[in-house]
Amino acid sequence: MTTFRTSKFPVLIIGGTGKTGRRVAERLTAQGVPVRIGSRSANPAFDWENRETWAPALECISACYITYYPDLAAPGAAEAVGDLARLAIAKGVKRLVLLSGRGEPEAQRAEQVLRASGADWTIVRASWFMQNFSESMLLGQILAGEMALPASTVREPFIHADDIADIVTAALTDDRHIGQLYEVTGPRALTFAEATAEIAKAAGRPVTYATISPEEFMQGLQQHQVPADIAALVNELFTVVLDGRNEYLTDGVREALDCAPRDFTAYASEAAATGIWEGAQ
């Protein structure tokens, strides 16, 4: 029998202003579920790098959505997630939902630590977000009219952030998702060149794609003054995780929600309609 969780206490959304976090917050709020945003600017604040903020953020919380910054592939991420999970349980917060990444050994370590913590856990192991092209690191290249990345023929089954948010929201409010690991992808895999072409078509403006070396990519990140640790992490994601290990598709979205995942073409059309890709012509 399906059990829906109700509580007067809010759900803590760590990374509540991020791509998935803000979507989860919107969905929970629409359902009348109180929300507490976990971010450095919130009150109480939450900062992964300042452990003194963790306990106040977890005070009087019914459940928690965990996203790790900058990425679960970062050194020390698994230990931090484990420490947070144990602290949450000690404070009476057992319902924990973790956003994880496909093909990342450190992310899988974080999953194992969460499972061993004693929490009522759900894990959403996601492929690359479609929204990386419109809401974060790749947007600037699209606006400039040229995507240049160290990725050639490898295909990625990009996932829509709305699909992730729908699953996370369900997991936070419906006990049938406890103990489930959902590995989620979009319905088809695309090369970055193919994704760029779809974006150009939807945006109605030229956007070219060029494959560059990892060294050239790092030089570009340095020129844009990306912090060294973030640059190294992003470079690892492109050169290690994007080696073909994640080209296969999964049924995670259908398993969790009983519906098909959103397609990249629909995403590109919707994003283009917002005007986000209207750069210099």
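These questions and answers walk through a predicted model.

Me: What is the bridge partner of V11 in β2?
Reply: Strand β1 covers residues 11-14 and pairs with β2 in the parallel sense. The partner of V11 is V35.

Me: Is W277 buried or exposed?
Reply: W277 lies in the segment after α11 (264-273). Its contacts beyond four places in sequence include L139, I142, L143 and I199. Buried means under 20% relative accessible area. W277 has 1%, so W277 is buried.

Me: How far is the backbone oxygen of F133 from a polar atom of the W277 side chain?
Reply: F133 and W277 are 144 residues apart along the chain, yet their C-alpha atoms are separated by 9.2 Å. F133 is also among the contacts of W277. From the backbone oxygen of F133 to that polar side-chain atom, the distance is 3.0 Å.

Me: Are helices α8 and α9 roughly parallel or roughly antiparallel?
Reply: The axes of α8 (residues 214-223) and α9 (residues 228-241) come within 10 Å and cross at roughly 150°. Angles over 145 degrees count as roughly antiparallel. That makes α8, relative to α9, roughly antiparallel.

Me: Which residues of α9 do P214, F217, M218 and L221 meet?
Reply: These four belong to α8. That helix passes α9 in a right-handed crossing. Their counterparts in α9 are A231, A232, V234, N235, F238 and T239.

Me: What is the omega of the peptide bond from Y69 to P70?
Reply: Most peptide bonds are trans. This one is cis, and P70 lies in the loop between β3 (63-66) and α3 (77-90). The bond from N43 to P44 is cis too, with omega near 5°. For Y69 to P70, omega is near 5°.

Me: Is D258 buried or exposed?
Reply: D258 is found in the loop between α10 (252-257) and α11. D258 is not a glycine but has a positive phi of about 60°. Exposed means over 50% relative accessible area. D258 has 63%, so D258 is exposed.

Notes
Residues are numbered from 1 along each chain as its sequence is written. This is a predicted model: local features need pLDDT of at least 70, side-chain atom pairs count only at pLDDT 80 or more; totals for chains, interfaces and linings use all residues. Side-chain values use heavy atoms; hydrogens and water are left out. Two strands pair if DSSP finds at least two bridges between them. Helices (H or I, at least four residues) and strands (E, at least two) are DSSP runs, numbered from the N terminus. Buried means under 20% relative accessible area, exposed over 50%, partly exposed in between (1.4 Å probe, protein chains only). Contact means heavy atoms within 4.5 Å. A polar contact is a pair of N or O atoms within 3.5 Å; within protein, one must be able to donate a hydrogen and the other to accept it, and residues adjacent in sequence count only if both atoms are side-chain atoms. Axes are lines fitted to C-alpha atoms, for helices over the stretch in contact, and angles run from 0 to 180 degrees between N-to-C directions. Angles under 35 degrees count as roughly parallel, over 145 as roughly antiparallel, 65 to 115 as roughly perpendicular and the rest as oblique. A crossing is left-handed if the near helix is turned anticlockwise from the far one by less than a right angle, and right-handed if clockwise.
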